[in-house]
Amino acid sequence: MNKYQEALKIMCSDCNQVRYCICNGFNENCNSYSPLKELVEKATPKKVVYKQGNDGDRCFFCPRCNEIVPRMRNFDQHTYPYCPYCGGKIDWSEYFDVD
């Protein structure tokens, strides 16, 4: 559980709606802390999607916004840790050995 998830769980445990829901902060219908829920969603890594693009080439796509995620070509880092379009954290572990 990352820090955003921990904060959301703590805040929702003090929510005045807690007696009506058992969502622990992850119920999509509850809007009490929607900005924090958005941060939790973006900070939670999702596996990058490798599929054929419109031009016929196979590319990596963001699992959230479905935009092509470019690979960086420098010596220190070979992949973007976050999507440059939507800001969501990307999990590259299936394809590359990344930290």
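How exposed is Tyr 50, in terms of relative accessible area? I looked this up in the model, which is predicted. Tyr 50 is partly exposed, with a relative accessible area of 34%.

**Entry 1: overall layout.** I found 2 helices and 4 strands in the protein. Along the sequence they follow the pattern α-α-β-β-β-β. I noted that 24% of the 99 residues are buried. The accessible surface is about 7200 Å², and carbon and sulfur atoms hold 49% of that surface.

**Entry 2: helix α2.** I listed the buried residues of helix α2 (residues 34-43) as Leu 36, Lys 37, Val 40 and Ala 43. Viewed down the axis of α2, these buried residues fall within an arc of 130 degrees, so they line one face of the helix.

**Entry 3: aromatic rings.** I counted 4 aromatic pairs. In one of them, the ring centres of Tyr 50 and Tyr 95 are 5.7 Å apart and the planes stand at 50 degrees, so this pair is tilted. Tyr 50 lies in strand β2 (residues 49-52) and Tyr 95 in the segment after β4 (90-91), so the pair ties together parts 45 residues apart in sequence. Tyr 95 is also partly exposed, at 32%.

I then examined Phe 60 and Tyr 95, which form an edge-to-face pair with 5.3 Å between centres and 70 degrees between planes. Phe 60 belongs to strand β3 (residues 58-61), 35 residues from Tyr 95. Phe 60 counts as buried, at 11% relative accessibility. I recorded that ring pairs link Tyr 50, Phe 60, Trp 92 and Tyr 95 into a cluster.

**Entry 4: lysines over rings.** I located Lys 51 over the face of Phe 61, 4.8 Å from the ring centre. Lys 89 lies over the face of Tyr 82, at 4.9 Å from the ring centre.

Note on methods. Residues are numbered from 1 along each chain as its sequence is written. This is a predicted model: local features need pLDDT of at least 70, side-chain atom pairs count only at pLDDT 80 or more; totals for chains, interfaces and linings use all residues. Side-chain values use heavy atoms; hydrogens and water are left out. Buried means under 20% relative accessible area, exposed over 50%, partly exposed in between (1.4 Å probe, protein chains only). Accessible areas come from the Shrake-Rupley method with a 1.4 Å probe; for residues, only the protein chains shown count as cover. The arc is that of the directions from the helix axis to the C-beta atoms. Rings of Phe, Tyr and Trp (its six-membered ring) pair if their centres lie within 6.5 Å; planes under 30 degrees apart count as stacked, over 60 as edge-to-face and the rest as tilted. A charge sits over a ring if NZ of Lys or CZ of Arg is within 6 Å of the ring centre and within 35 degrees of the ring normal.
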